[in-house]
Structure formats: structure tokens, C-alpha cells
Amino acid sequence: MTNFNDVRAGAASAVAIGVIDDVGFGSAVARLSLNIMDTLQAETDLTKQRSGSIGSHVKVRVGSRWLLGSVRDMRRDLADKMTVVVTIDFLGEGDAAGGRSFDNFRRGVTAYPRSGDPVIAAVRDDLAAVFATDQRPHVEIGTVYPTTDVKAALFIDALLSRHFAIVGSTGTGKSTATALILHRIVAAAPRGHIVMLDPHGEYAKAFAATGVIFNVDNLEMPYWLMNFEETCEVFVTGEGAQREGEKDILAKCLLAARARNPVAAGLANLTVDSPVPYAIGDLLGELQQQMGMLAQADELPKYLRLKRKIEDILQDSRYNFMFSRKLSNDTMATFLSRILRLDGDGKPISIIDLSGVPSEVVSVVVALLSRIVFDFAIWTDKAKRRPILLVCEEAHRYVPSKEIAAGSAVRQILERIAKEGRKYGVSLGLVTQRPSDVAEGTLAQCGTIIAMRLNNARDQEWVQAAMPEGARGFLDTIPALRNREAVVCGEGVAVPVRLSFDNLAESRCPSSDDPSFSRRWANDGDTAIELDRIIRDWRSQTTADPGPVLLRPVSALLQG
């Protein structure tokens, strides 16, 4: 039986709650007194009150240093019913100066305790010292658990330069947490450049005052900015050998169409990937000309499939945001300036609402926008490069694991940004509810992971494996987190931390609330009138159309 009365805590205000037994390089096994922990329940300091419980903080004195640890697990000591055995993960160390703990706190441990050293209850001031930002550029996003006043901060440069991921099950407050972090970054960096890919149209309301909202009504994204792979994903419909044959045909015709533009005359090396404007009419003209030169009739179906697919897209009003007559002009500078917020205008964030984009091409649109961000950074002179943050909601849709989908244009570019983006000043923020479905290499490149509650065991295991640090005591709490709580590990924080996010004003929250079944079903309203409108909009493929849509003739689209 351990005699805890023989354990000396050191300072008069320090309370020893146990002793170290076994020590390893990153953790230690200790025995804690349940009697002493019970006496701490009367403390008003929440940190001290909960010290010794799972997920709580404790400290150990080693010479002139204090080590900070977190309690990972707990089991009963069979030899002493009033003693529990715990594992403590070491998080970092600070100097013991003037009776204070954790001056000059730094991550990692250089000195280790010995068996028999006392385990001391951490207090609120300890956490305040550990999470002090020391004038480093940062944004405060919440409070450190279990305190209500020690601010939890993210270091801006460390967060963005190494990429980050926000993961959590539906309904945990993931979208609101994303909006909160972006709001705080925008407030700290009003001249920044942020592009948010929003597949469900959730964030328009949240950033109405600080961002510019782009959707199918005003995006005006030129089709000719697509590279060859992206163009193939839109126009090529064949499979296997058929697909390769159609791609060969498209490559020849696309290069010839680009070559017709005067801009091409000044280029030393024109390729199918060169962002040189071309008219869709020219592309179809090249296809027609190639068909007329065919020596074998069995080749004709490949040309006809390509031609029919292109014409079908031109006749579909849903594609007007990308394929229209005016978008054949050289608007590259204007488009880049708008989307990348190069003009600023006090609104540093672009919200790309993809909810109205046809599902057949949404992945291509995401690929094109992501590649534009990356290519712009690559071709910018290093001395004049301005960092860009690309935030991708529903990331599992665009960078899926190999078990779910093979390579695609969007997956290739997002994986490349994850691997190489930091060299060119491009930061990637991934937001997903299914981290286990995201390509392993992409999530592993995220230096900071913000994990909210995950209900799926596979997702929990995947995030724990991808976490950049081994703070298992924190990671094990992921299934038990409350809404608007998160565990944050990695470069963006001083040490792994469990935090509660700050409240966000309703006007700054995304429109992601679940519908109230009980309220909606209690009052259906005039269903006959509503059904008429639904059918009209459904048929016209619009969301707010007062009348039918008249498709423009193909001949009008082909001009210019």
C-alpha cells in the first residue's frame, strides 16, 4: 500500500495526488490516490478539481523544469482499493522560475522523472502559461477544457503553412467551427486570399459581409481554362480502348482550336493544356473536318460520340455558367482577380457555391478551381508570391481513398497541393465527415487536425492513425466529445488540446441547420401551390425561376 503522506509536493500550494512508478520516453505509469482526488472536488479551480481524471492535466517536477502530462487511461490497483493506476503522456516542459510553472513552455521532453517522484495536480494558471501565445500571430477560437477562461488559440502561420483538416460527424458543429476559424483568420488578415469550395451552399450567409459569393449565376468560369484531363472528363464518354481513341481525337482537335486564337501566335510552346481561349465552334469545326478525312468508316462512331456530347452540353442551360458565347473571350485576368480576391476590396474570401453545378461536372469544376489556385502560385514570381488558402468542404468526395475510386483530375490536383502546396504558398484546408474515405496520403499531409466527435469506429481509428502526435489520452476522447468541442493536435497548437469553440452570432453561421420534422409536419402549408412551383423549377432545372427557360440554339452558342 502506498503511503501518500510521505510524498512531498514542493510548493505549499501544490497538491501531490500520486507517485511515478514506471517511466518511458514519452509516457509514465503512476499510482494516484482516490482519497486525495476526492478532496479536490471541493476546489473552485476546475483544472485542479479534475486533475487525475482521464483527459485531465497533471505535472511533474524534474530539477528546474516542470513536465506537463495528460492522463490517458485508468485502472484499479488490485492491491489497494483506494489507489488507481494511470498512464500519463508527456506533452512538453517549461521552466520553474520564481515559483511559477511552465515559463518558456516548449513541446517535447528533454528530462525525465524518476520512480517515486510526485505527480502534482495541475491548476488553471498552469494551462494559462502553457497556452500563452507569446505574441505569435494567432486566432483565438475557444477555451481550453476544462477551464472557461483560458483561451485556446491557433497559430496562423503554423496552421496554414502545413495544411489542416477539420473532421467530425454530421451534427457536431463542424460547419460552424469551420466558419468560426475562417472568420477569425479574415479578421486577423483582412488582405488575405481565401477560396472556399462550398458544395451545399451553406456558407453564403455566413460570409455575406466579408466575402464574395459565386454561384452558377455569376461564376462565369471559362471552359477553355480546363486542361486536357479535365476536358476529357467532360467530353469523353467511352470506356477502355474506346476512351483512349476519343482522347486522341480530342487532343488533336483541341490543339488546333487553341492554335486559331491570336494569343497562341506569341507562345513558344502551345500544348493542349495551355490556357489559351478557343471557341467551341472551332472545336466542333475541327471534329467535322477530321470526320471528312476518315479513310475507315468504323472510326466514325468515336467522332460522333464526341460531337454529340459537346452539343448536348451546349444545349443544356445548366452549363451556361461555364459554356456560353461570352466565355470564349480572353477573360483570364478578370476571372483570376475575382476568384483569388486579388483586388481585395475588403472582402478577402471567395465562397464558391457549387450547389447549382450539374453533378456530372462538379468534380471537374472543383479540379479546375483548385488547379487555378495552384498554377497561379507556381507561375507567380517567388519574391511577389502571396499565400492562398484553399478550403475544400466534403473533401471525401474529391480525394477519395483508392478503395472507393480510382484517379481523377480533382483527386490528382488536391493530392499534389497536399504534397507540394506549401513550397508555393498554397495552404489546403480539408473539411470532412468521413475521414476514413479520404485518400490516406492527403490527410497525412495535414500538419494540424481538428477532430470533433466521430461516431464511426473506422473514422475514429483513421484519425488517430493520422494524428501528427501521440497524445492518445486526448484522442481517446473523440467519441465522447460534446457538440462544438474538438481535440486539436499538430503544428497549429502549443500542445494537443481539448477545447470548446466560442459561440458565433447567428448571422455569421452557415445555413446548415437540420430541418425540424415536428414543426414542418405540423403545418404543411398550401401543398398544391408549392407542388406546382416545384414541378416547374424541376422541369426548367432552375431554383428560383418565375417562368420557363428557353434554350438558346446551338448556332448562337457556336458563334465567336
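Reader: Which residue's side chain meets that of Glu230 in a salt bridge?
Author: A salt bridge here means a side-chain nitrogen of Lys or Arg within 4 Å of a carboxyl oxygen of Asp or Glu. For Glu230 the N to O distance is 2.8 Å, and the partner is Arg371.

Reader: How many residues apart are Glu230 and Arg371?
Author: Glu230 sits in helix α6 (residues 228-235) and Arg371 in helix α12 (residues 362-379), so to speak distant parts of the chain, 141 residues apart. Helices (H or I, at least four residues) and strands (E, at least two) are DSSP runs, numbered from the N terminus. The separation, then, is 141 residues.

Reader: What kind of model is this?
Author: Residues are numbered from 1 along each chain as its sequence is written, and side-chain values use heavy atoms, with hydrogens and water left out. Local features need pLDDT of at least 70 and side-chain atom pairs count only at pLDDT 80 or more, while totals for chains, interfaces and linings use all residues, because this model is predicted.

Reader: Is Glu230 buried or exposed?
Author: Buried means under 20% relative accessible area, exposed means over 50%, and partly exposed is in between (1.4 Å probe, protein chains only). Arg371, at 11%, counts as buried. Glu230 has a relative accessible area of 2%, so Glu230 is buried.

Reader: How many residues apart are Arg31 and Asp21, the pair in another salt bridge?
Author: The closest N and O atoms of Arg31 and Asp21 are 2.6 Å apart.

Reader: Which residues share salt bridges in one network?
Author: Let's get there by way of another pair: Arg498 and Glu485 meet at 2.8 Å, N to O. The two link strand β18 (residues 497-501) with strand β17, 13 residues apart. Salt bridges with shared partners also make a network, and its members are Arg65, Glu93, Asp95 and Arg106.

Reader: How many of the 15 residues of strand β5 are buried?
Author: β5 (residues 83-97) also pairs with strand β2 (residues 27-33), antiparallel, over seven bridges. β5 is largely enclosed by the rest of the structure, because its buried residues number 12.

Reader: Which residue is the bridge partner of Val62 in β4?
Author: Strand β3 pairs with strand β4 (residues 65-76) in the antiparallel sense over six bridges. The two form a hairpin with two residues between them, and Gly63 in the turn has a positive phi of about 60 degrees. Val62's partner in β4 is Arg65.

Reader: What is the phi of Asn104?
Author: Asn104 lies in strand β6 (residues 100-107). Asn104 is exposed, with a relative accessible area of 57%. Asn104 is not a glycine, yet its phi is positive, at about 55 degrees.

Notes. Two strands pair if DSSP finds at least two bridges between them.
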